[in-house]
Amino acid sequence: MSLLLASALSLALLFLPAMRGGEISAAGHGLLSPLMLLICAGFVHGVGLRPRHALGRAALHPAWLWPAMLGMAALWAARF
């Protein structure tokens, strides 16, 4: 599920600015970095990495990762 969600969000980031035809505002650009980090974490979890350290396991846990990815994407799309 993480891999599918990360793939869908990365494809949306690829095509959404081109479809809108506009420039990304400063606020939208500021939200893009955390969104891309969350998408990268989704890819890492999606390919099956299971960290040994508790902090790494907590950072890649889907209980917070999926809502964070969707929430940040919604926030970015609203500001874009």
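**Entry 1: S2**

I started with the contacts of S2 and, leaving aside its neighbours within four places in sequence, found G42, H45, G46 and W66. Contact here means heavy atoms within 4.5 Å. I am working with a predicted model, where local features need pLDDT of at least 70, side-chain atom pairs count only at pLDDT 80 or more, and totals for chains, interfaces and linings use all residues. Residues are numbered from 1 along each chain as its sequence is written, and side-chain values use heavy atoms, with hydrogens and water left out.

Is S2 buried or exposed? I read 2% relative accessibility for S2, so it counts as buried. The cut-offs are under 20% relative accessible area for buried, over 50% for exposed and partly exposed in between, with a 1.4 Å probe and protein chains only. S2 sits in helix 1; helices are DSSP runs of H or I with at least four residues, strands are runs of E with at least two, and both are numbered from the N terminus.

I also noted a polar contact of 2.7 Å between the side chains of S2 and H45. That term asks for a pair of N or O atoms within 3.5 Å; within protein, one must be able to donate a hydrogen and the other to accept it, and residues adjacent in sequence count only if both atoms are side-chain atoms.

**Entry 2: H45 and G46**

Next I went to the other side of that pair. H45 belongs to helix 2, residues 26-46, and it counts as buried because its relative accessibility is 13%. Beyond four places in sequence, I listed S2, R50, L60, P62 and L65 as its contacts.

G46 is in helix 2 too. With a relative accessible area of 27%, G46 is partly exposed.

**Entry 3: I39**

Which residues does I39 touch, leaving aside its neighbours within four places in sequence? I found A6, L9, S10 and L13. I39 is placed in helix 2 and is buried, at a relative accessible area of 6%. I also looked at M69, which is 30 residues from I39 in sequence and 6.6 Å away, C-alpha to C-alpha.

L14 lies in helix 1, residues 2-20, and is exposed at 55% relative accessible area.

**Entry 4: the annotated spans**

I looked up the record: the unreviewed UniProt entry annotates "transmembrane region" over residues 31-49 and 61-78. Such annotations may be inferred rather than shown by experiment. In the model, residues 31-49 are 84% helix and 0% strand, with end C-alpha atoms 26 Å apart. For residues 61-78 I got 94% helix, 0% strand and an end-to-end C-alpha distance of 26 Å.

**Entry 5: the chain as a whole**

Last, I took the totals. I counted 4 helices and 0 strands, in the order α-α-α-α along the sequence. Of the 80 residues, 26% count as buried. Among contacts between residues at least 6 apart in sequence, 79% join residues at least 24 apart.
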